[in-house]
Amino acid sequence: MSDILIVDDDHASREVIQEALAREGYKVAAARSGVEARENIKAGIYDIVVTDLVMPEVDGMAILDLAKTRDASTEVIILTGYGSVETA
């Protein structure tokens, strides 16, 4: 079973995703910010990172870069409520 990190500064979104994946049997960690996620990624390797795109200080693109630098096989899913053609 995959180790998954959920990163979202919105409490409700983070909790819904975390609970749904945990119910399916995944080992899920959660970070409340990009700063917290950065520390989690430095401390361990995740199979999957699900991150919000727009967050203060450390955004989802920085999380993508860090996760891929740490382990290129990490799959990263970026979620956003502020999507545009440029960010896609």
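Let's start with Thr51. Thr51 sits in strand S3, residues 48–52. Strands here are DSSP runs of E, at least two residues long, and helices are runs of H or I, at least four long, with numbering from the N terminus. A word on the source: this is a predicted model, where local features need pLDDT of at least 70 and side-chain atom pairs count only at pLDDT 80 or more, while totals for chains, interfaces and linings use all residues. Residues are numbered from 1 along each chain as its sequence is written, and side-chain values use heavy atoms, with hydrogens and water left out.

Back to Thr51. Is Thr51 buried or exposed? Thr51 is buried, and its relative accessible area is 0%. Buried means under 20% relative accessible area, exposed means over 50%, and partly exposed is in between, using a 1.4 Å probe and protein chains only. What does Thr51 touch, beyond neighbours within four places in sequence? The contacts are Val7, Gly60, Ile63, Val76, Ile77, Ile78 and Leu79. Contact means heavy atoms within 4.5 Å. The rest of S3 is mostly covered too: four of its five residues are buried.

Now the sheet. Four strands form an open sheet in the order S2-S1-S3-S4, with parallel pairing. Two strands pair if DSSP finds at least two bridges between them. Which strands are at the edges? Strand S2 (27–31) and strand S4 (75–79) are, and each pairs on one side only. On average, neighbouring strands are turned by 15° against each other, direction ignored. Axes here are lines fitted to C-alpha atoms, for helices over the stretch in contact, and angles run from 0 to 180 degrees between N-to-C directions.

Let's walk through the pairs. S1 and S2 are parallel, over five bridges. Ile4 has Val28 as its bridge partner in S2. S1 and S3 are also parallel, over four bridges. On that side, Ile4 stands opposite Ile48, Leu5 has Val49 as its bridge partner, and Ile6 stands opposite Val50. S3 and S4 run parallel, joined by five bridges. There, Val50 is bridged to Ile77. From S3 the chain goes through H3 to S4, a right-handed β-α-β crossover. Right-handed means that, with the strands pointing away from the viewer, the path from the first strand over the helix to the second runs clockwise. S1, helix H1 (residues 11–23) and S2 make a right-handed β-α-β unit as well.

How much of S1 is buried? Four of its five residues are, so S1 is largely enclosed by the rest of the structure.

S2 gives us Ala29. Ala29 is partly exposed, at a relative accessible area of 23%.

Next, helix H3. H3 lies across S3 and S4, and it runs at about 175° to S4. Which residues of H3 are buried? They are Gly60, Ile63 and Ala67. Seen down the helix axis, they fall within an arc of 55°, so they line one face of H3. That arc is taken from the directions between the helix axis and the C-beta atoms. These buried residues pack against H2, S3 and S4.

Last, the cores. A nonpolar core is a set of buried Ala, Val, Leu, Ile, Met, Phe, Trp, Tyr and Cys residues joined through side-chain atoms within 4.5 Å. The largest has 12 residues: Leu5, Val7, Ala31, Ala37, Ile41, Tyr46, Val49, Met55, Val58, Ile63, Ala67 and Val76. Which elements give two or more residues to this core? Strand S1 (3–7), helix H2 (34–43) and helix H3 (60–70) do. Another core, of five residues, lies apart from it, and includes Ile4, Leu21, Val28 and Val50. As background, nonpolar side chains tend to be buried together in soluble globular proteins.

Val76 touches Val49, Thr51, Leu64, Ala67 and Lys68, not counting residues up to four places away in sequence. And that brings us back to Thr51, which lists Val76 among its own contacts.
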